[in-house]
Amino acid sequence: QVRLVESGGGLVQAGGSLRLSCAASGRTFSSYGMGWFRQAPGKEREFVAAISWSGGSTYYADSVKGRFTVSRDNAKNTVYLQMNALKPEDTAVYYCAARLKGTVEVGVDYWGQGTQVTVSS
């Protein structure tokens with residue numbers, strides 16, 4: 001069982017930056033592919049970014065490429081999402097996700113509770 005707790009959301013103006021963090025419980029964090037999804041009001045949850053268990057591979061949705069960066073620190077059991085050049089359309093609840101020995105863009109075993117990101121124009 002893995003528990004995921006996100007932090008770092010908030011209100012920011014367009015063009016600004018935020019860094020989300022996701023702290024994971026458990027001793028096998030390095031066995032999990034990690035990533036981020038988001039859900040805007042009235043829309044389905046969508047994939048944002050993923051990182052392999054080693055951190056050697058990353059994947060991004062086209063809408064965030066070049067603006068967002070996903071990273072992880074296996075010693076701290078934490079995954080990050082650095083969000084730059086934020087746009088109002090990035091406003092959503094952001095969810096941390098984990099998949100055992102896989103990548104989250106094809107399936108998720110565990111979800112966090114979500115953190116709200118609001119970008120004002």
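Mentor: A residue counts as buried under 20% relative accessible area and as exposed over 50%, with partly exposed in between. The model discussed here is predicted.

Trainee: Why is Phe47 called partly exposed?

Mentor: The relative accessible area of Phe47 is 22%. Buried requires a value under 20% and exposed a value over 50%, so Phe47 is partly exposed.

Trainee: What makes Phe37 count as buried?

Mentor: Phe37 has a relative accessibility of 9%. The cut-off for buried is under 20%, and therefore Phe37 counts as buried.

Trainee: Why is the pair of Phe37 and Phe47 called edge-to-face?

Mentor: The ring centres of Phe37 and Phe47 are 5.7 Å apart, and their planes stand at 75°. A pair needs centres within 6.5 Å, and edge-to-face needs planes over 60 degrees apart, so the pair of Phe37 and Phe47 is edge-to-face. Phe37 belongs to strand S4 and Phe47 to strand S5, so this contact ties together parts 10 residues apart in sequence.

Trainee: What makes Phe37 and Trp111 an aromatic pair that is edge-to-face?

Mentor: For Phe37 and Trp111, the distance is 5.0 Å centre to centre and the angle between the planes is 70°. The limits are within 6.5 Å and over 60 degrees, so this pair is edge-to-face. Trp111 lies in strand S10 and Phe37 in strand S4, so the pair ties together parts that are 74 residues apart in sequence.

Trainee: How do you know that the charged end of Arg45 sits over the ring of Tyr95?

Mentor: The charged end of Arg45 is 3.7 Å from the centre of the Tyr95 ring, and the distance cut-off is within 6 Å. Arg45 also lies over the face of Trp111, at 4.4 Å from the ring centre.

Key. Residues numbered from 1 in each chain as written. Predicted model: local features only at pLDDT ≥ 70, side-chain atom pairs only at ≥ 80, totals over all residues. Heavy atoms only, no water. Phe/Tyr/Trp six-rings, centres within 6.5 Å; stacked < 30°, edge-to-face > 60°. Helix = DSSP H or I, 4+ residues; strand = E, 2+ residues; numbered from the N terminus. Buried < 20%, exposed > 50% of the residue type's maximum accessible area, 1.4 Å probe, protein only. Lys NZ or Arg CZ within 6 Å of the ring centre and 35° of its normal.
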